[in-house]
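User: Hello! I am new to this structure and would like to learn how to read its features. Could you walk me through them?

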Amino acid sequence: VKKTQFWKTQPELAQILEVRGSWLKFPDIVVGADFFVSEQVKQELLESIGIPGDKPVVDFFVMSFCPYGNAAEDIINNLFSLFGYTVEFRPRYIIYSNYNGGGPDFCLDDGNLCSMHGVQELNQDIREACVLDKESFKRWLSFALKMNKDCNYNNADSCWESVAEQLKLDVDYIKECEKGKGLELIKEDKRVSEAFSVGGSPTFLINGERYNGKRTPEAIKLAICETFEEKPEACNIVLEDTVSQTSSGSC
């Protein structure tokens with residue numbers, strides 16, 4: 001392959017392909033592969049993220065300022081209001097490597113950690129991951145929703161602190177975590193999203209299985225309810241489709 005004229009005239013191809021010994025491989029995320037050839041590998045991955053557990057688990061993959069991901073967080077808010085902690089909701093952030101060349105406008109860690117809408121979005125991903133690490137999911141959700149409303153990817157670095165103070169979050173902890181533990185938290189999200197070939201915001205996994213149904217509170221509620229051994233009373237409540245049309249797209 002490397003001796004072909006195509007390879008010589010298309011240098012961006014070399015940036016996409018992964019080197020695996022003497023082989024060149026397209027990353028799963030590029031070809032859209034979202035299934036596991038090995039059931040053993042799949043089970044090992046699920047165990048590494050705590051599935052199965054003692055309750056249904058919803059992993060939802062977003063970017064802090066993707067409008068479609070923000071709409072998905074509104075859906076999660078409706079679902080959390082219904083289920084509370086009988087369902088484990090876990091936000092995960094979609095992180096790329098060498099995005100848009102890997103420079104400081106989009107990336108940290110020498111291009112290993114990048115976000116689609118710029119480095120301020122990446123910084124906010126990390127801050128939100130830090131809040132989740134220290135606080136309850138409910139507190140994380142309040143922070144994420146208010147950031148969606150009050151800030152954006154152009155001003156997050158100067159805007160977040162006021163939001164955190166209003167919510168009585170530990171600003172000093174977030175600052176410290178952002179430069180330390182937060183990087184490890186976001187690397188774990190990157191590992192998981194790559195393992196499941198998640199590249200678009202939002203993406204939902206319910207007990208480790210990709211959800212491909214309608215992106216409405218009621219539709220996702222029904223999918224979650226199918227995972228309970230004994231369905232709670234919440235499953236009998238019909239949720240209104242009050243989310244915006246933004247929920248139908250993706251970043």
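User: Which cysteine does a disulfide join to cysteine 151?

Analyst: Let me first say what you are looking at: this is a predicted model, in which local features need pLDDT of at least 70, side-chain atom pairs count only at pLDDT 80 or more, and totals for chains, interfaces and linings use all residues. Residues are numbered from 1 along each chain as its sequence is written, and side-chain values use heavy atoms, with hydrogens and water left out. Now the general idea: a disulfide is a pair of cysteine sulfur atoms within 2.5 Å. Here the partner of cysteine 151 is cysteine 159, with 1.9 Å from S to S. The torsion about their S-S bond is about -70 degrees, so this disulfide is left-handed.

User: How many disulfides does a search of the whole structure find?

Analyst: The search finds 5 disulfides. With the bonded cysteines of the chain numbered in sequence order, they pair as 1-10, 2-3, 4-7, 5-6 and 8-9.

User: Are cysteine 130 and cysteine 177 buried or exposed?

Analyst: Buried means under 20% relative accessible area, exposed over 50%, and partly exposed in between (1.4 Å probe, protein chains only). Both cysteine 130 and cysteine 177 are buried, with cysteine 177 at 3% relative accessibility. Cysteine 66 is buried too, at 0%.

User: Let us turn to rings. What describes a pair of aromatic rings?

Analyst: The distance of the centres and the angle of the planes describe such a pair. Rings of Phe, Tyr and Trp (its six-membered ring) pair if their centres lie within 6.5 Å; planes under 30 degrees apart count as stacked, over 60 as edge-to-face and the rest as tilted. This structure holds 11 aromatic pairs. In one of them, phenylalanine 137 and tryptophan 140 have ring centres 5.4 Å apart and planes at 25 degrees, so the pair is stacked. These two residues are 3 apart in helix H7 (residues 137-150), which separates them by about one helical turn, and both are buried.

User: Which residues do ring pairs link into a cluster?

Analyst: The cluster is made of Phe60, Phe80, Tyr85, Phe89, Phe137 and Trp140.

User: Which ring does the charged end of lysine 134 sit over?

Analyst: A charge sits over a ring if NZ of Lys or CZ of Arg is within 6 Å of the ring centre and within 35 degrees of the ring normal. The charged end of lysine 134 sits over the ring of tyrosine 173, 5.0 Å from its centre.

User: Where are the cis peptide bonds that join serine 201 and proline 202, and isoleucine 51 and proline 52?

Analyst: Proline 202 lies in the loop between H10 and strand E7 (203-206), and its bond with serine 201 has an omega of about 0 degrees. Proline 52 is in the loop between helix H4 (39-48) and E3, and omega for its bond with isoleucine 51 is about 5 degrees.

Notes:
Helices (H or I, at least four residues) and strands (E, at least two) are DSSP runs, numbered from the N terminus.
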